[in-house]
Amino acid sequence: MKNRKKDTRWMALLAMLVAVELVLVATGIGLIPLPVIKATTLHIPVILGAVLLGPLAGGILGAVFGLSSMWINTTAPGLLAFAFSPFMSTTGLPGALISVGCRILIGVVSGWLWIALKRVRVNDYIALPVVGVAGAMTNTVLVMGSIYFLLAQQYAEVKNVALDAVFGLVMATVTASGIPEAIAAAVLVTAIGKALLRLTGAAPRRV
């Protein structure tokens, strides 16, 4: 009976966080269009879910993030839509890998990092921002790194630059987009995460 209650609670919290992600997508504040790339807030529920419910839930939430990104980049494509939707690129698979695979890893990395930090008894006010930064940077570094290694030629064509200039542009995006997103994640994950940890108590985790 006790395990059944934990399973029900785990699924209810997961469903709530999935709903939050879908609301962010529906309202347009989950992926905010910028001149080249879309800034995101969708990684916040992924990281929070990984903290509260473990790497499995984080991975599921990351998949929801990735599928939402794929949908948006297919139905409302921007300059880099080819990197996030297999339907907008002749290469196909890299679009799915970048959009979904990299986002699943946000939750997996965040969940395992949280577990590791708590095992060595790191205070929540230190562990939460560290996990927030790590989750956000996992997203930025994996996505932009994958674009560089898998779609450099297409990226160069979109930006109208030589192939050897792609690395510098990718690093500029990591700096300009990744650092503000990491700072925002540190603040939001700490504030919201601490409140949710108090409300939920010792939330059940699945690894």
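Analyst: Helices (H or I, at least four residues) and strands (E, at least two) are DSSP runs, numbered from the N terminus. Ser69, for example, is found in helix 3, which spans residues 55–75. This is a predicted model, in which local features need pLDDT of at least 70, side-chain atom pairs count only at pLDDT 80 or more, and totals for chains, interfaces and linings use all residues. Residues are numbered from 1 along each chain as its sequence is written, and side-chain values use heavy atoms, with hydrogens and water left out.

User: How many helices and strands does the protein chain have, and in what pattern do they follow along the sequence?

Analyst: The protein chain has six helices and two strands. Along the sequence the pattern is α-β-β-α-α-α-α-α.

User: Is Ser69 buried or exposed, and which residues does Ser69 touch?

Analyst: Buried means under 20% relative accessible area, exposed over 50%, and partly exposed in between (1.4 Å probe, protein chains only). Ser69 has 1% relative accessibility and therefore counts as buried. Contact means heavy atoms within 4.5 Å. Not counting residues up to four places away in sequence, Ser69 touches Leu31, Phe84, Ser99 and Arg103. For the protein chain of 207 residues, 50% count as buried.

User: What do the values show for Leu24 and Thr138?

Analyst: Leu24 is found in helix 1 (residues 2–27) and counts as buried because its relative accessibility is 15%. Leaving aside neighbours within four places in sequence, Leu24 is in contact with Ile29, Gly30, Thr41, Leu42 and Pro45. Between Leu24 and Thr40 the C-alpha to C-alpha distance is 9.6 Å, at 16 residues apart in sequence. Thr138, in helix 5, is buried, with a relative accessible area of 12%. Thr138 touches Leu105, Ile106, Val109 and Val143, when residues up to four places away in sequence are not counted.

User: How is the packing of two helices described, and at what angle do helix 2 and helix 5 cross?

Analyst: Two packed helices are described by the angle between their axes and the distance between the axes. Axes are lines fitted to C-alpha atoms, for helices over the stretch in contact, and angles run from 0 to 180 degrees between N-to-C directions. The axes of helix 2 (residues 43–53) and helix 5 (residues 124–159) cross at roughly 130° and come within 10 Å. Angles under 35 degrees count as roughly parallel, over 145 as roughly antiparallel, 65 to 115 as roughly perpendicular and the rest as oblique. Helix 2 and helix 5 are therefore oblique to each other.

User: Which residues of helix 2 and helix 5 meet?

Analyst: From helix 2, His43, Ile47 and Val51 meet Leu128, Val131, Gly132, Gly135 and Ala136 of helix 5. By class, this contact has five nonpolar, three polar and no charged residues. Here Ala, Val, Leu, Ile, Met, Phe, Trp, Tyr, Cys and Pro count as nonpolar, Asp, Glu, Lys and Arg as charged, and the others, Gly among them, as polar.

User: Where do the axes of helix 2 and helix 4 come, and which residues meet?

Analyst: The axes of helix 2 and helix 4 (residues 93–119) come within 8 Å and cross at roughly 35°. His43, Val46, Ile47, Ala50 and Val51 in helix 2 meet Arg103, Ile106, Gly107, Ser110, Gly111 and Trp114 in helix 4. The contact of helix 2 with helix 4 has six nonpolar, four polar and one charged residues.
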